[in-house]
Amino acid sequence: MSAVRAEMPSVVTADWLETVPACNVCHSDAIQQIDPECNLCRCSECGYVFDNPRPNRQEITAFYSQQGKYDSWLSNAAARDALWKRRLKMLLPYRAPGNLLDVGTGIGQFLHHAKPYFSEVAGTEISERAVRMAQERYGLEIQRGRIEDLPLSDLSFDNLTLFHVLEHVPDPARLMRRCHQLLRPGGIAVIAVPNDVLAWGSGLKKLGKRMGLRAFRKFSRVTGIPKAGTSSEIHLSHFTPVVLRRLLSSSGFEIVEEGLDPYYAASGVWKLAHSAYYALHRVMFKLSGANRYETIWMIARKKEDSVQDS
Ligand SMILES: [Zn+2]
């Protein structure tokens with residue numbers, strides 16, 4: 001393993017790559033490259049795994065602007081509705097009375113289902129097409145852009161949801177600090193991310209790669225994580241429960257609930273299989289505290305006495 005030290009400048013090193021000089025979660029410069037083939041590094045201090053070097057912002061925007069990129073949002077609508085209802089049911093017992101902002105809301109399916117339970121709902125989304133679809137399908141006025149850039153008022157939300165957002169952004173710590181600023185004291189943040197460092201599924205992909213199987217060529221032999229650009233999404237961060245807890249804690253939150261995000265949208269026999277697999281992991285998590293499922297679910301409350309820098 002070679003070490004990538006802090007003196008590495010945060011500049012674009014190729015047409016489409018940029019390097020990350022320090023850990024985004026704990027700011028340590030003790031970064032180890034764990035898989036050069038898949039551009040993966042790990043922080044020796046906190047264990048945060050991330051793409052480095054990684055596609056730059058322009059490259060990511062171009063990737064998600066490809067034709068048909070969001071078509072999956074429209075397919076299997078009933079299964080996706082069921083998915084959003086599952087998540088809603090899980091978060092409602094923890095919600096703070098008041099309004100909700102869904103960060104990275106996509107076409108607004110979640111807000112559509114959540115609306116009756118909050119005084120007001122709002123959403124942000126970077127995809128122009130998704131914003132248009134949310135308006136056409138659900139009559140929702142979604143703000144286009146990132147919450148770090150949009151003119152949102154501090155202390156103006158009671159609940160924030162980030163479903164599979166953190167793994168996509170270049171600076172997750174900055175995003176969580178902004179979430180902290182936007183929430184009123186005691187406000188709730190609900191976060192779901194992939195668990196692709198520890199999930200059993202990643203272990204299988206790692207094995208397939210090591211066995212030289214053609215179908216597993218794009219995965220890292222060290223982590224089982226696919227190389228950026230080879231899948232339908234680009235994940236820049238690869239969280240574990242420990243790392244996510246640390247990120248939330250250092251952003252001024254206390255964890256009030258932790259579990260597994262029932263992220264699957266399936267029907268028929270596949271729904272049964274997914275539900276059974278999810279149930280198995282829930283039992284394992286309850287008994288051992290270990291999460292080997294594909295996803296992590298956390299609910300965090302803004303600490304009353306915490307003061308964060310911007
Ligand atoms: Zn770190």
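Visitor: Which residue stands opposite Met298 of strand 14?

Guide: Glu258 does. Keep in mind that this is a predicted model.

Visitor: How many bridges join strand 13 to strand 14, and are they parallel or antiparallel?

Guide: Six bridges, and the two strands run antiparallel.

Visitor: What sheet is that in, and what is the strand order?

Guide: An open sheet of seven strands, in the order 9-8-7-10-11-14-13. The pairing is mixed.

Visitor: Which strands are at the edges?

Guide: Strand 9, residues 143-144, and strand 13, residues 253-259. Each pairs on one side only.

Visitor: Now strand 11. How does strand 11 run against strand 10, and how against strand 14?

Guide: Strand 10 and strand 11 run parallel, with six bridges. Strand 11 and strand 14 run antiparallel, with seven bridges.

Visitor: Is strand 11 enclosed or open to solvent?

Guide: Largely enclosed by the rest of the structure, because 10 of its 12 residues are buried. Strand 14 is mostly covered too, with seven of its eight residues buried.

Visitor: What lies across strand 11, strand 13 and strand 14?

Guide: Helix 7, residues 241-250. Helix 7 runs at about 20 degrees to strand 14.

Visitor: Take Ser249 in helix 7. Buried, partly exposed or exposed?

Guide: Ser249 is partly exposed, because its relative accessibility is 40%.

Visitor: On to packing. Which residues touch the most other members in the largest nonpolar core?

Guide: Tyr48, Leu166, Ile191, Phe239 and Leu244. That core has 39 residues. Elements giving two or more residues to the core include strand 4, strand 7, strand 10 and helix 5. Strand 11, helix 7 and strand 14 are also among them.

Visitor: Which element gives the largest share?

Guide: Helix 5, with five residues.

Visitor: How many residues of helix 5 are buried?

Guide: Nine of the 11, so helix 5 is largely enclosed by the rest of the structure.

Visitor: New topic: the metal. What are the protein donors of the zinc ion?

Guide: The SG atoms of Cys23, Cys26, Cys43 and Cys46, lying 2.3 Å from the zinc ion. Along the chain the donors follow the spacing C-x2-C-x16-C-x2-C.

Visitor: Why is the arrangement called tetrahedral?

Guide: Because the four donor atoms subtend angles of 102 to 116 degrees around the zinc ion. The cut-off for tetrahedral is that all angles lie between 85 and 135 degrees.

Visitor: Are Cys23 and Cys26 buried or exposed?

Guide: Both Cys23 and Cys26 are buried. His27 is exposed, with a relative accessible area of 58%. His27 is found in the loop between strand 2 and strand 3.

Visitor: Is the peptide bond from Asn52 to Pro53 cis or trans?

Guide: Cis, with omega near -5 degrees. Pro53 lies in the loop between strand 5 and strand 6.

Visitor: Last one. Is Leu204 buried or exposed?

Guide: Exposed, because its relative accessibility is 58%. Leu204 has its place in helix 6, residues 200-210. The C-alpha atoms of Leu204 and Gly224 are separated by 7.4 Å, with the two residues 20 apart along the chain.

Definitions and conventions: Residues numbered from 1 in each chain as written. Predicted model: local features only at pLDDT ≥ 70, side-chain atom pairs only at ≥ 80, totals over all residues. Heavy atoms only, no water. Pairing = 2+ DSSP bridges. Helix = DSSP H or I, 4+ residues; strand = E, 2+ residues; numbered from the N terminus. Contact = heavy atoms within 4.5 Å. Axes fitted to C-alpha atoms, helices over the stretch in contact; angles between N-to-C directions. Donors = N, O, S within 2.8 Å, 3.2 Å for Na, K, Ca; no water. Tetrahedral: all angles 85-135°; square planar, octahedral: opposite > 155°, others 65-115°. Buried < 20%, exposed > 50% of the residue type's maximum accessible area, 1.4 Å probe, protein only. Core = buried A, V, L, I, M, F, W, Y, C linked by side-chain atoms within 4.5 Å.
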